[in-house]
Amino acid sequence: MQAAVAMRAILVAFFTVTWGGFDWVDHWFPWIWMALSGAFFYWRTGQEWMAAGAVWVQEGPFWVNTYELVRIRFSVDGLNRVLRIEDAEGRKIHSFGLRDAQSDPQMWDLVYNGILHSVASGNCDISRKARKVLQIPPSLGRERR
């Protein structure tokens, strides 16, 4: 949503400077361009959101129980560092963005505590790379490739 608003502001500034004032408001092209780019940025970024509770985390339409994780893998999705996580009920988040989660300390505390609990239970299969990225001690739980 913020990207869509920012893009409109940039386009307004661009058209105002390029046309030497606000004469562009009388033409159809700038309005069509702003509508299409705003819709594109809203569609591209508006679907990505994250929420967490005491024992769960949700990204978009997918959620998992963080205290019953059975598989944690680290991966890179484009420029984003992500976790691929699965809980005991088979629910999965295929691309859990670490940067987004860690940017909210309270949410990250909820998620990280659940991850630690799952790993410590010994029922969580966590890769070496995920363990290293999450800074989970080697003595906690079991490690898989």
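Reader: What is the strand order in the open sheet of 3 strands, and how do they pair?

Author: The order is β1-β2-β3, with antiparallel pairing. Strands here are DSSP runs of E, at least two residues, and helices are runs of H or I, at least four, numbered from the N terminus. This is a predicted model, where local features need pLDDT of at least 70, side-chain atom pairs count only at pLDDT 80 or more, and totals for chains, interfaces and linings use all residues. Residues are numbered from 1 along each chain as its sequence is written, and side-chain values use heavy atoms, with hydrogens and water left out.

Reader: How do you know that β1 and β2 pair?

Author: Pairing takes at least two bridges found by DSSP, and 3 bridges join β1 to β2 (residues 56-59), so they pair.

Reader: What makes β1 and β3 edge strands?

Author: Each of them, β1 (50-52) and β3 (62-65), pairs on one side only.

Reader: Why is Asn65 called buried?

Author: Buried means under 20% relative accessible area, exposed over 50%, partly exposed in between (1.4 Å probe, protein chains only). Asn65 comes in at 13%, so it counts as buried. Asn65 sits in β3 and, leaving out residues up to four places away in sequence, touches Val55, Trp56, Asp87 and Arg91; contact means heavy atoms within 4.5 Å.

Reader: And why is Ile32 called partly exposed?

Author: Ile32, in helix α2 (residues 28-45), has a relative accessible area of 43%, so it falls between the two cut-offs and is partly exposed.
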